[in-house]
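Open the model in your viewer and keep the sequence panel beside it.

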Amino acid sequence: QVQLVESGGGLVQPGGSLRLSCAASGFTFSIFTMSWYRQAPGKQRALVATITSTGGTTNYADSVKGRFTISRDNAKNTVYLQMNSLKSEDTAVYYCNAVRESRVTYWGQGTQVTVSS
């Protein structure tokens with residue numbers, strides 16, 4: 001079956017770093033656009049970063065530009081989100097998303113990131 005499993009979340013102090021991973025299985029990872037979204041309690045899920053199937057193009061929300069980096073390793077069926085200079089506003093559940101031709105969409109269950117002193 002299709003699986004997207006996020007890991008790497010946790011508690012970090014402001015200014016700290018975390019690296020999230022999303023391990024994919026059950027579909028052809030290399031042809032999917034991968035994204036990271038985040039959602040705080042009572043808030044809408046928001047796009048954080050996107051990377052195309054080849055890794056040639058990335059896009060970021062303005063709020064994370066210069067601090068977060070999305071990358072992928074198609075040989076390992078894994079997408080990453082390196083988060084640096086974390087702020088309290090980054091606290092959320094982070095979700096991995098896979099899309100093919102704006103039609104087939106898969107979601108992971110999320111990993112909690114809490115930024116607090």
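Two strands pair if DSSP finds at least two bridges between them. Strands (E, at least two residues) and helices (H or I, at least four) are DSSP runs, numbered from the N terminus. This is a predicted model: local features need pLDDT of at least 70, side-chain atom pairs count only at pLDDT 80 or more, and totals for chains, interfaces and linings use all residues. Residues are numbered from 1 along each chain as its sequence is written, and side-chain values use heavy atoms, with hydrogens and water left out.

**Stop 1: β4 and its partners**

Select Arg 38 and Tyr 94. Tyr 94, in β9, is the bridge partner of Arg 38. Now show both strands. β4 and β9 (residues 92-100) run antiparallel and are joined by seven bridges.

Look for Leu 47 in β5, which stands opposite Tyr 37. Six residues lie between β4 and β5 in their hairpin. Click Gly 42 in that turn: its phi is positive, about 75°.

**Stop 2: the disulfide**

Select Cys 22 and Cys 96. A disulfide (cysteine sulfur atoms within 2.5 Å) joins them, with 2.1 Å from S to S. The structure holds one disulfide. The link of Cys 22 and Cys 96 is left-handed, at -85° about the S-S bond.

Cys 22 is buried at 0%, and Cys 96 is buried at 0%.

**Stop 3: β8 and its neighbours**

Select residues 78-83, strand β8. Five of its six residues are buried. β8 pairs with β3 in the antiparallel sense over six bridges; Leu 20 has Leu 81 as its bridge partner in β8. β7 (residues 68-73) also pairs with β8 in the antiparallel sense, over six bridges. There, Ser 71 has Tyr 80 as its bridge partner. The β7-β8 hairpin has four residues between its strands. Asn 77 in the turn has a positive phi of about 50°.

Now zoom in on Thr 78. Its relative accessibility is 11%, so Thr 78 counts as buried. A polar atom of its side chain lies 2.9 Å from the backbone oxygen of Lys 76. Show its contacts (heavy atoms within 4.5 Å). Not counting residues up to four places away in sequence, Thr 78 touches residues including Cys 22, Phe 29 and Arg 72.

Stay with the last two. Arg 72 lies over the face of Phe 29, 4.4 Å from the ring centre. The test for a charge over a ring is NZ of Lys or CZ of Arg within 6 Å of the ring centre and within 35 degrees of the ring normal.

**Stop 4: the aromatic rings**

Rings of Phe, Tyr and Trp (its six-membered ring) pair if their centres lie within 6.5 Å; planes under 30 degrees apart count as stacked, over 60 as edge-to-face and the rest as tilted. The structure holds four aromatic pairs. Select one of them, Phe 32 and Tyr 106: they are stacked, 5.7 Å centre to centre, with 25° between the planes. Phe 32 is in the loop between β3 and β4, and Tyr 106 is in strand β10 (residues 104-107). Phe 32 is buried at 3%, whereas Tyr 106 is partly exposed at 24%.

How values were computed: Buried < 20%, exposed > 50% of the residue type's maximum accessible area, 1.4 Å probe, protein only. Polar contact = N/O pair within 3.5 Å; in protein donor to acceptor, adjacent residues only side chain to side chain.
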